[in-house]
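Colleague: I am new to this structure and would like to go through it with you. Please show it to me.

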Amino acid sequence: MDEHSMSSWWNEGLSGEDRDEWCTALDTGVIGEDLLITLTDAQRAWLVDVDETSASMGPELQAFVAEECSKRLR
């Protein structure tokens, strides 16, 4: 996973509401269709257990989102 492209996606590609939803999804690690649409096709490689309406975050994506969410709480 390219950290620069991930940071760009997080900071410039997502609305504040989307970032809140990603942070909430950390509780289960499962993301629904509303979050799936925020990912590019290439970013979907960071997912596991993918179907048409939901997926689970892979460990690298989950670690990245956890780090970014902790920054928002500071």
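**Salt bridges and the fold**

Modeller: The structure holds 2 salt bridges, a salt bridge being a side-chain nitrogen of Lys or Arg within 4 Å of a carboxyl oxygen of Asp or Glu. This is a predicted model, in which local features need pLDDT of at least 70, side-chain atom pairs count only at pLDDT 80 or more, and totals for chains, interfaces and linings use all residues. Residues are numbered from 1 along each chain as its sequence is written, and side-chain values use heavy atoms, with hydrogens and water left out.

Colleague: In which helix do Lys71 and Glu67 both lie?

Modeller: Helices (H or I, at least four residues) and strands (E, at least two) are DSSP runs, numbered from the N terminus. Lys71 and Glu67 are 4 residues apart, about one turn of the helix. Lys71 and Glu68 are also separated by about one helical turn, because they are 3 residues apart in helix α4. The helix that holds Lys71 and Glu67 is α4, residues 59-73.

Colleague: Is Glu68 buried or exposed?

Modeller: Buried means under 20% relative accessible area, exposed over 50%, and partly exposed in between (1.4 Å probe, protein chains only). Lys71, at 39%, counts as partly exposed, and Glu67, at 40%, is partly exposed too. Glu68 has a relative accessibility of 7%, so Glu68 counts as buried.

Colleague: What pattern does the chain follow along the sequence?

Modeller: The secondary structure comes to 4 helices and 3 strands. Read along the sequence, these elements give α-α-β-α-β-β-α.

Colleague: Why is the chain as compact as a globular protein of that length?

Modeller: The radius of gyration is taken over C-alpha atoms, and the globule rule is 2.2 Å times the number of residues to the power 0.38. For 74 residues the rule gives 11 Å, and the chain is close to this, so it is as compact as a globular protein of that length, with a radius of gyration of 11 Å.

Colleague: How many of the 74 residues count as buried, as a percentage?

Modeller: The C-alpha atoms fill a box of roughly 35 × 25 × 20 Å along the principal axes. Of the 74 residues in the chain, the buried share is 35%.

Colleague: With which residues is Glu21 in contact, leaving aside its neighbours within four places in sequence?

Modeller: Glu21 is found in helix α2, residues 16-25, and is partly exposed at 23% relative accessible area. Glu21 and Leu35 are 14 residues apart in sequence, with their C-alpha atoms 7.6 Å apart in space. Contact means heavy atoms within 4.5 Å. Apart from those neighbours, Glu21 is in contact with Asp34 and Leu35.

Colleague: Where does Asp49 lie, and is Asp49 buried or exposed?

Modeller: Phi of Asp49 is near 55°, a positive value in a residue other than glycine. Asp49 lies in the loop between β2 (47-48) and β3 (54-57). Its relative accessible area is 63%, so Asp49 is exposed.
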